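Colleague: I would like to go through the assignments one by one and hear the grounds for each. Please show the structure before we start.

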Amino acid sequence: VRGTIPKEPCLICSKHQSFLDVMILASVLPNFRFIIKHQLVNFPIIGFYARQTGCVPVNREKKVGTVNKMLESLNHETDRQTVVYPQGTRVLPYAEKPYKFGAGLIYKNLNLKCHLVATNTGSFWARRSPYRYPGTAIINFVEVLDPGLEINQFMEQMEKKIEMASIKLM
């Protein structure tokens, strides 16, 4: 893990390449919760820990009510680090997948600093791959964006900085 790990309440926007980056972030953040797809709540082990740590499930298929419900859930506890994966899913290294607007809405709603996180974990434990490769997995806290940016500005800066830093790590 590189960079300064936040101890205060904040938003963390992270590149998501494998389940390994979830485990590493959960191991270093003192008071975290993840925004997760709602199906994970029903998985035997993952679901148990998701409920215990206060993760916020999102049903991506029900777009209209989902965002309001998610934002309402986030406002109940504002004293935590909230981790969101702006691309909404694990993405293979070097693959281009758009960043979802929901990350910008969360940023605007929480009105907290946003820590940007890059990773190379997909190079060792890629999505849907049965293979695991040797190497050094890195989680890099790259930069902090202060609250108050317009959503479009935030989205543009976040994507550019996370992508550039992740490519450097790979």
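Colleague: Leaving aside neighbours within four places in sequence, which residues is M158 in contact with?

Modeller: In this predicted model, the partners of M158 are C13, P86, Y99, A103, L116 and L145. Contact requires heavy atoms within 4.5 Å, so each of these residues meets that cut-off with M158.

Colleague: Which residues touch the most other members of the largest nonpolar core?

Modeller: M158 is one of them, together with L11, C13, I106 and F154; the core holds 23 residues. Two or more residues come from each of strand 1, strand 3 (56-58), helix 3 (63-76), helix 4 (102-110), strand 5 (114-119) and helix 5 (151-169). Helix 5 gives the most, five residues.

Colleague: What other core lies apart from it?

Modeller: One of 18 residues, including L29, F34, V117 and F141.

Colleague: Why are both faces of strand 4 (residues 81-84) called covered?

Modeller: Q81 and V83 point to one side, T82 and V84 to the other, and all are buried. Buried means under 20% relative accessible area, so each of the four falls below that limit.

Colleague: How many bridges link strand 2 (residues 32-37) and strand 4?

Modeller: Three, in the parallel sense, with F32 partnered by Q81.

How values were computed: Residues numbered from 1 in each chain as written. Predicted model: local features only at pLDDT ≥ 70, side-chain atom pairs only at ≥ 80, totals over all residues. Heavy atoms only, no water. Buried < 20%, exposed > 50% of the residue type's maximum accessible area, 1.4 Å probe, protein only. Pairing = 2+ DSSP bridges. Core = buried A, V, L, I, M, F, W, Y, C linked by side-chain atoms within 4.5 Å.
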